[in-house]
Amino acid sequence: MASPAFDPEHVNLTEVSQAQITCYFSEGGNEYNGRLGLRIASLFIIGAVSTAVTFFPVVATRVPKLRIPLYVYLFARYFGSGVIIATAFIHLLDPAYDEIGPGSCVGMTGGWASYSWPPGIALISAMLTFLLDFAAEYFVQTRYGMPHNQAAVENTITTSGETTHQYLHSSDVDNAEKYDGYADMKELKHLSGDSTVTELEFKTQIAAFLVLEFGVLFHSIFIGLNLGVAGDEFDTLFPVIVFHQSFEGLGIGARLSSIPFPSRLSKLPWILCAAYGLTTPLAIAIGLGVRTTYVNSSFTANVVNGLFDSISAGILIYTGFVEMLARDFLFNPNRTNQRGRLAFMIVCLFLGTGIMALLGKWA
């Protein structure tokens with residue numbers, strides 16, 4: 001028997017489905033309420049602030065004349081790592097449940113009701129990211145004869161002049177040579193140039209980073225669209241998104257700051273930083289262009305947002321825990337043993353995670 005037409009004024013709970021009730025309450029119209037000048041200003045403010053913060057970690061490691069203190073760089077780097085992890089869970093996976101999860105209008109409709117899709121899509125995304133990361137490393141190892149086992153590290157570095165998997169994943173190293181005024185940061189020694197080490201590190205790390213940036217960029221697009229058409233919540237959403245995008249940019253810049261680039265690609269890190277900084281302003285501009293017609297709570301908008309939020313969540317979960325935390329803290333044979341520095345790094349990590357999680361209360 002077909003469900004009767006839903007009349008919100010006269011609801012018989014024995015006849016209507018939960019999906020009809022949920023979809024009715026989730027329906028919304030266009031919420032744009034004017035103040036075009038302030039919205040245009042937000043485009044430039046968010047663009048300028050998020051771009052500057054994204055560039056900071058990269059500038060710290062690639063422009064030695066600025067002499068940015070080591071602990072300032074470490075704060076930016078590990079605070080940014082914490083931001084990436086909190087973004088995955090609080091700003092991507094949780095909203096995906098609201099958009100296409102079992103309790104949403106989409107999640108109660110048709111095939112969407114057959115499975116809890118947000119964690120499933122995030123899982124697939126994380127596993128595919130792992131596969132891409134593994135393929136990149138395996139290619140470098142087999143193409144250039146780079147050993148993977150720990151026992152070969154010292155012999156390979158000191159005698160053959162080649163590098164190893166562990167060395168490619170090394171972070172802070174005690175008693176290492178200084179690079180641009182940063183002591184004990186061996187990975188920063190080969191950030192540019194045409195050496196074999198630089199080339200191998202670049203090929204090993206760049207694929208996973210590009211996947212990370214892909215996930216963050218799509219998240220930024222939807223943030224910009226929603227801000228462009230936001231209604232009464234714009235006053236709260238605007239300042240929160242300034243911090244939100246700045247912190248995410250710090251995470252992107254932090255990861256990018258330690259990836260070496262051959263001389264032929266010396267401009268690429270700056271281009272990648274600029275790409276993130278410009279994405280949200282461009283999305284805000286698009287949102288303003290459709291400000292009187294776009295409905296961010298429509299069924300289609302929820303499906304698109306939910307899919308990309310879930311995909312991005314999986315990417316950031318893998319990248320945050322594997323490429324950032326595990327690489328720097330767990331599987332790095334040359335990790336610093338200085339207790340003060342380790343404590344500082346961990347505090348920055350948890351601070352970034354906590355503050356970004358707190359921002360999830362508003363955006």
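A nonpolar core here is a set of buried Ala, Val, Leu, Ile, Met, Phe, Trp, Tyr and Cys residues joined through side-chain atoms within 4.5 Å; buried means under 20% relative accessible area, exposed over 50% and partly exposed in between, with a 1.4 Å probe and protein chains only. The model is predicted, with pLDDT of at least 70 needed for local features and 80 or more for side-chain atom pairs, while totals for chains, interfaces and linings use all residues. Residues are numbered from 1 along each chain as its sequence is written, and side-chain values use heavy atoms, leaving out hydrogens and water.

Beyond its neighbours within four places in sequence, leucine 212 is in contact (heavy atoms within 4.5 Å) with Ile84, Ile252, Arg255, Ile315, Leu316, Thr319 and Met324.

Turning to the rings, 17 aromatic pairs were counted. Rings of Phe, Tyr and Trp (its six-membered ring) pair if their centres lie within 6.5 Å, and planes under 30 degrees apart count as stacked, over 60 as edge-to-face and the rest as tilted. Phenylalanine 55 and tryptophan 270 are stacked, at 5.8 Å centre to centre and 20° between the planes. This pair links distant parts of the chain, helix H2 and helix H9, 215 residues apart. Tryptophan 270 is partly exposed, at 28% relative accessible area. Phenylalanine 243 and phenylalanine 247 form a tilted pair, with 6.1 Å between centres and 50° between planes. Both lie in helix H8, four residues or about one turn of the helix apart. Phenylalanine 243 is partly exposed at 48% relative accessibility, whereas phenylalanine 247 is buried at 16%. Ring pairs also join Phe243 and Phe247 with Phe75 and Phe79 in a cluster.

Helix H3 (70-100), helix H7 (196-229), helix H8 (234-257) and helix H10 (299-330) each supply at least two residues of the lining of the largest pocket. H3 provides the largest share of that lining, six residues.
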